[in-house]
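Visitor: I am new to this structure. Please show me how to read it.

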Amino acid sequence: MDIQETIKQTVTSSPVVLFMKGSAQFPQCGFSARAVQIVKACGVDDFMTVDVLQNPEIRQGIKDFSNWPTIPQLYVKGEFIGGSDIMYEMFQSGELQELLKDIAQA
Amino acid sequence: MATTEQVKQYIAAGLDCTHLEVEGDGHHFYAVVVSEAFAGKRLIDRHRLVKEVIKEQLQSNEIHALSIVKAQTPEEWAKQQG
C-alpha cells in the first residue's frame with residue numbers, strides 16, 4: 001500500500017492520533033513531550049501515538065500529508081489540528097478541551 | 001541570524017498586524033501576532049499564513065525557528081486584554 005494511503009488510514013483509525021518522536025512514555029524530543037502532556041491535560045489518557053523515528057517513510061510522509069514541516073502533529077477524528085504551538089494555544093484558550101471533550105475519559 | 005526587530009519587520013511587511021510582539025535570541029523567536037487577516041480562519045491556517053510570510057528567511061535559516069505564541073484577530077485580542 002502507498003505510504004499516503006497508510007497514513008490516511010492511520011489518522012482515522014483512532015479518535016486522537018499523535019505523530020511524534022519517541023513514545024508517550026519516552027518522548028525523544030521536547031516538543032513531542034509537550035504535545036503528549038497537553039493531550040493528557042485535556043483528560044485524554046488513552047490515545048494513539050506513532051513514533052516517526054521508527055519509520056523514515058512515515059516521518060517524511062506525514063509532513064507531505066499535512067503539508068506541515070514539523071513533528072509532532074496532532075489529528076483528531078482524522079483532521080489535522082496542528083503542532084505543539086497550536087496545541088498549546090488552543091489549550092490555553094480552552095478550544096482543545098472543547099474539541100476533545102467527547103473523547104476525554106470521565 | 002536576525003534581530004527581533006528584523007523579524008518583526010519581516011512579518012509586518014507581509015501581514016497587516018494591529019499588534020505584533022517578537023522575542024528571541026537570534027535563532028529561536030516567539031511571536032504574538034494580531035491581525036484582521038486571521039478572521040474566520042482556523043488556528044492551523046493562521047499559523048500557515050505567518051510562516052508563509054517569512055518562508056524565505058526560514059528556508060535560508062536567517063530565522064532558525066519561530067514559535068507563534070498567539071495568532072488572534074483584533075476582537076479576540078481585545079476580549080482577552082479586557
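Visitor: How many residues of chain A are in contact with chain B?

Guide: Contact means heavy atoms within 4.5 Å. Here eleven residues of chain A are in contact with twelve residues of chain B. The model is predicted: local features need pLDDT of at least 70, side-chain atom pairs count only at pLDDT 80 or more, and totals for chains, interfaces and linings use all residues. Residues are numbered from 1 along each chain as its sequence is written, chains are lettered from A in the order in which they are written, and side-chain values use heavy atoms, without hydrogens and water.

Visitor: What area do chain A and chain B bury between them?

Guide: Buried area is the accessible area (1.4 Å probe) that two parts lose on being put together, summed over both. For chain A and chain B it is about 1,000 Å², with 49% on carbon and sulfur atoms. In chain A, the residues that lose the most area to chain B are A:Trp68, A:Asp85 and A:Glu89, together 53% of what that side buries.

Visitor: Which residue forms a salt bridge with B:Arg42?

Guide: A salt bridge is a side-chain nitrogen of Lys or Arg within 4 Å of a carboxyl oxygen of Asp or Glu. A:Glu79 forms one with B:Arg42, and their closest N and O atoms are 3.5 Å apart.

Visitor: Is A:Trp68 buried or exposed?

Guide: Buried means under 20% relative accessible area, exposed over 50%, partly exposed in between (1.4 Å probe, protein chains only). A:Trp68 has 6% relative accessibility, so it counts as buried. A:Phe80, at 10%, is buried as well.
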